Amino acid sequence: MTQRRQFIRTAGAAVAGVLAPALMREAVAQAPAGYGAAYASIVTEARKEGRVVVYSNMSNPNWAPLAKAFNQKYPDIKFDMLDLGAGETVSRYLSERATGVPTADLIVTANQTGWLELVKRDELLDYVSPESAAWPAAFKPFKGLYTISADPLLLVWNNTKVPEAGRPRTFADFTKMAVANKATWSKKITTYNPVESIFGYTAHWYLVKHHGEKAGWNMLEQLASVPPRFESGGGPQIEKVTSGEYVNSYFGSAIQVWPRLKDPVIARFLGWGFINDGQPIMVRGMAIPKGAKNVNAAKVFMDFCLSNEGQKAMGLGGVTPARPDVTPSASIPYTYSSIVQAVGEKNIILLGYDPKQVTEKDAFIARFKKTYGT
């Protein structure tokens with residue numbers, strides 16, 4: 001993914017010019033309800049730091065509603081976000097950490113092998129959020145590592161290319177349909193390349209683990225006979241499905257699909273479905289690295305992301321809230337809990353932090369390259 005700096009500037013300066021300084025201090029320094037009086041000192045120090053730098057593999061539109069809500073609550077803490085590929089969020093931090101240059105205050109990424117590496121190196125600040133009790137253990141797997149979202153990877157299609165009666169609902173059916181339509185679907189299917197994309201590797205590795213080595217690889221071998229074309233990012237996949245360049249995308253990221261459907265013109269062409277025989281859920285981690293400079297601002301921002309209010313704001317940006325007490329609404333069509341209800345808990349593939357995805361990576365990639373001729 002091409003690097004690009006996307007800043008979501010806060011409205012702090014404008015608010016400071018309108019509110020009296022005393023009122024502003026009172027509005028910002030108070031601890032949120034239930035956090036305890038001592039938390040006010042963290043807010044005070046965060047205001048002195050004045051900014052939080054986030055390395056993320058989420059784009060500006062995904063962050064915008066949360067940034068706006070955070071601004072309203074903390075108008076003088078600036079949120080600076082650097083949009084990177086999932087793998088680069090961690091590698092860039094480690095490189096900067098090694099050379100001593102300024103780096104991220106908070107890392108937010110769907111890079112499970114990267115998180116395992118950071119845990120191994122003891123690079124995560126052991127911060128216990130006041131919001132921690134509201135989250136299940138699966139979404140806070142290591143000290144200091146929390147979950148900001150649980151985003152499904154979908155089957156996606158162009159409505160004009162795939163008739164309603166032929167739209168797949170399981171991965172097994174999708175592979176059969178791809179083979180049956182090989183003449184017209186050849187190189188018209190797309191997904192992430194697991195050889196180049198850590199996001200794609202994690203999804204394919206967990207697919208095989210869920211279905212079993214024999215059945216999982218059999219489906220991947222069937223797809224290789226079609227074959228698909230790989231894209232480096234989710235955005236190009238969905239754009240090209242919408243335009244008709246591709247017929248289907250598998251493992252299409254919901255954060256790329258659902259926001260686009262708000263446009264009625266795009267919604268005419270873009271269709272999607274859950275994968276009912278194994279619905280991958282990409283767990284997007286969030287942690288404060290030990291190289292952070294603005295630690296208090298990072299704590300305040302993290303806690304807001306983990307709060308009920310923050311999770312709802314995340315949902316408005318097309319990200320899937322993972323917090324159990326956040327429910328769907330007209331503006332937030334799905335949450336993790338509602339997806340579990342839709343497909344059944346046994347059909348959820350939580351793309352988590354199994355260390356075998358690290359130790360088995362080389363062998364998996366070698367087999368994938370042989371199968372797909374890459």
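This is a predicted model: local features need pLDDT of at least 70, side-chain atom pairs count only at pLDDT 80 or more; totals for chains, interfaces and linings use all residues.

Which residues have the most contacts inside the largest nonpolar core? I get W63, V300 and F301, in a core of 74 residues. My rule for a nonpolar core: buried Ala, Val, Leu, Ile, Met, Phe, Trp, Tyr and Cys residues joined through side-chain atoms within 4.5 Å. Buried means under 20% relative accessible area, exposed over 50%, and partly exposed in between, with a 1.4 Å probe and protein chains only.

Numbering runs from 1 along each chain as its sequence is written, and side-chain values use heavy atoms, with hydrogens and water left out.

Helices (H or I, at least four residues) and strands (E, at least two) are DSSP runs, numbered from the N terminus. Apart from that core I found another, of 38 residues, with I189, I349, L351 and F368 among them.

**Helix α15**

I picked A313, which sits in helix α15 (residues 308-316). A313 counts as buried because its relative accessibility is 5%. Leaving out residues up to four places away in sequence, A313 touches P65, L66 and A69; contact here means heavy atoms within 4.5 Å.

Next I looked at α4 (residues 60-73) against α15: the axes come within 6 Å and cross at roughly 145 degrees. Axes are lines fitted to C-alpha atoms, for helices over the stretch in contact, and angles run from 0 to 180 degrees between N-to-C directions. On the α4 side I see W63, P65, L66, A69 and K73, meeting E309, G310, A313, M314 and L316 of α15. Just after α15, G318 takes a positive phi of about 90 degrees.

V226 and P227 are joined by a cis peptide bond, omega about -15 degrees. P227 is in the loop between α10 (213-224) and β7 (229-231).

D122 is not a glycine, yet its phi is positive, about 60 degrees. I place D122 in the loop between α6 (112-120) and β5 (146-158). K187, also not a glycine, has a positive phi of about 60 degrees and lies in the loop between α8 (182-185) and β6 (189-192). With a relative accessible area of 49%, K187 is partly exposed.

**Charged pairs**

How many salt bridges are there? I count 17, taking a side-chain nitrogen of Lys or Arg within 4 Å of a carboxyl oxygen of Asp or Glu.

D151 pairs with R284, closest N and O atoms 2.9 Å apart. D151 is in strand β5 and R284 in strand β10 (residues 279-287), so this pair ties together parts 133 residues apart in sequence. Both D151 and R284 are buried.

E231 and K240 make another salt bridge, at 2.8 Å between the closest N and O atoms. E231 is buried at 12% relative accessible area, whereas K240 is partly exposed at 23%.

Last entry: E131, R323 and D325 are linked in a network of salt bridges.
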